[in-house]
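Please open the structure in a viewer and keep the selection tool at hand.

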Amino acid sequence: MHTGPAGQPYYFHAGTRESTYVRPLPAFPIIPQAIVPQPQKKKDKPLVKTPIPSTEWLRVKTTEGNVFYSHKARKQSVWTVPEEIKDAVEAFERAEEHEEAQAKQQQETKEKEVEKLGFEEEQELKRIKAEMQGLARVEEEDDEEEDEGEDDDESEEEEWQREAAAQLATEAEEEKKRLEEEAKFAKEAEDAEAMKMQENERSQLNMPDRVDLSIEEAKALFKTLLREKDISPLHPWDTSLPLFISDPRYVLLPSVSARRDAFDEYCRDRARELRQQNVKKEKAEANPKEEYERLLSQDVKSTRTSWSDFRRTWKKDRRFYGWGRDDREREKRFKEYLKELGEKKRIAAEKAEVDFFALLRESGVVRSDSLWKDVKRKVSHDARYDAVGSSSLREELFQTFLKAHGSSSSHSTSNRGKDETGKNGTEEDVEQMRKEKKEQALKEREQKVRAERSRMDAEIGRSKMGLNLEEDATTWESIRPQLQTDPRFNNSPLPVNQQLRLFHAHMSQLQMKHLAGLHSLFQAHAPSLATPFSALPVESMLKSLPVTKLAFDTHGLQQEYDKWQRERTYECRKAFDEMLAENSFVEFWGRLGKIGGEGAEGGVKADDLGEDEGEGFGGKVDMKALAKSVDLSDIEKVLKNDKRYIMFEHVAAQRERWLRDYVAGLTAPKLSVHV
């Protein structure tokens, strides 16, 4: 408490720095209440589920002793007994109580029987014990009577036992001495044999007790020791040391470091030898040709697979380069395998069609009025159905089967036969019409098969050409002898003019493909229009696949590059003009500069300009003057980040001239006049 200037007392709190004229109340300490930790309540889970008879409800008892009722089908659970099962639950509980009472009664009966048996056993044990005690007393009395008569024989018995013990001790002493002598003789024999073996080893190695060897000789003998012990080069020094440390050749080297160096050299040499042996063993065991054939059978699944793709994928695989003198021999075998694969596929397709007809014939579900969608469900489980790969081909074969093998036993066919008989008059005419229909159906099928086979032959011929025309031969006369070795070419029904057309179309396609690859090489090595031909890696490009296939030399490659650059320059010039037309900045200010005077009305009105502002001091801005102030440097700043603008960086003057010509060619915008 303090006194103020007027003499009035006031109170000051030193901790909070607060002053007041009212006496503050004392602060009572707040005693925190102890928080009693509540035990964590266990989660109530179902423990026993009991079905209620004659209902779909279950009575469920939980781990906490609670009971609720659950309906499995409705997925409904309630804590109280539902009205619909109240009678059933009461009957079920009464039955349970009855069963529990019976079980309790049985348990009490068993306990009484157990107690009765225990009491009987206890009485029996007491009786037996009493009998045994009586017998013991009788035997004691008998023994006392016998002891009086046997006192005289005890002295003779003791003397005989002493003599037997002395004799056994003598025999044990003799046996012990004999065993010691035998052990001594065996030890001497083992020592003699060990000495003999050491002498034999020394005589075999021809090593005296002490020899003077050079470091190289001692190292060679140490390596011989390691080789004789067959020390693994993969094991470290500490692991291998116990295997040869007892050999006398171990101490030939003067120090442990020298022995470790020799051990490391042995490990390197031995590991190299083992690798070479494994490689030779693999080469001896593996048949390179069989490996190559296995690679073909695993990877090549289509006759359209090209040699270049196959080689690019597997050229680093041992199975690929392990067989054959060069790529030419491997390519030849690749093409032969494609022929074999095509023949196998053709035979498999023919067999699949024959089996499909047999399936339709054996199923017995095909009638003349049957629909394919109905028959398909009944035969789709058979493997012969899946053998025909195309669903459209299956339906076509089904239609052919219907035409050629219509069932005459069905009701609809017999009705049609009656109608035709009524029209033609005789059964012979009906039979003749059926035969004609069958022949017509067979002819139609043969025509479709021929058309399909012609299409397939054309595709096979095209794929065959694709396989054989990858080489330098580019004329029909030069490639025809090679194509004539293929039976697909000889058996093709295509006329010569169609074969020539396919040949030239394929050659054009190949040339376009190789040119596209060559242009990709040009694009990679010449990103700019200013790159000359001399800056290209000509030697490496001449060895590339597109140049090899196109048979270009340096001169031909330069001509193709110049042609590609001209086409590329034309495309870039066209893109440059499109860029100018798309740019709104160039379009707006270029056209605005073509307007004369101060616009259509002497200028363009501005918002709240000063009296002295504007070209005519009338509060107006002349947009033409602003357009005149926009020069080419401003336009170039706008366009400088566009790739189409950057492509002509090497001809900046010409690019500027194009820009001036474009701006000069722009026309003034049309002005709208409001009356």
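The stops below cover strands, salt bridges and a cavity.

The model is predicted, so local features need pLDDT of at least 70 and side-chain atom pairs count only at pLDDT 80 or more, while totals for chains, interfaces and linings use all residues. Residues are numbered from 1 along each chain as its sequence is written, and side-chain values use heavy atoms, with hydrogens and water left out.

**Strands**

Helices (H or I, at least four residues) and strands (E, at least two) are DSSP runs, numbered from the N terminus. Two strands pair if DSSP finds at least two bridges between them.

Select residues 46-51, strand 4, and residues 57-62, strand 5: these run antiparallel and are joined by 5 bridges. The hairpin of strand 4 and strand 5 has 5 residues between the strands, and there Ser54 takes a positive phi near 65°.

Next, select Leu47 in strand 4. Is Leu47 buried or exposed? Leu47 counts as exposed, at 58% relative accessibility (buried means under 20% relative accessible area, exposed over 50%, partly exposed in between, with a 1.4 Å probe and protein chains only). Leaving aside residues up to four places away in sequence, Leu47 touches Lys61, Thr62 and Thr63, where contact means heavy atoms within 4.5 Å.

**Salt bridges**

The structure holds 33 salt bridges, each a side-chain nitrogen of Lys or Arg within 4 Å of a carboxyl oxygen of Asp or Glu. Select Glu175 and Arg178, whose closest N and O atoms are 2.2 Å apart in a salt bridge. These two residues are separated by about one helical turn, because Glu175 and Arg178 are 3 residues apart in helix 1 (residues 86-205).

Move to Arg249 and Glu228, a salt bridge with its closest N and O atoms 2.8 Å apart. Arg249 lies in the loop between helix 3 (237-240) and helix 4 (256-285) and Glu228 in helix 2 (residues 215-228), so the pair ties together parts that are 21 residues apart in sequence. Arg249 counts as buried, at 5% relative accessibility.

Finally for this stop, select Glu293, Arg333, Glu336 and Glu340, which are linked in a network of salt bridges.

**A cavity**

A cavity is a set of points on a 1 Å grid over the protein atoms alone where a 1.4 Å probe fits but cannot get out; lining residues have an atom within 4 Å of a point. Select Glu396, Gln399, Thr400, Lys403, Ala441, Glu444, Arg445 and Lys448, which line the second largest cavity. Helix 11 (391-404) and helix 13 (427-468) each supply at least two residues of this lining.

Key: On a 1 Å grid over the protein atoms alone, a cavity is a set of points where a 1.4 Å probe fits but cannot get out, and a pocket is an open set with protein on both sides within 12 Å along at least five of seven lines; lining residues have an atom within 4 Å of a point.
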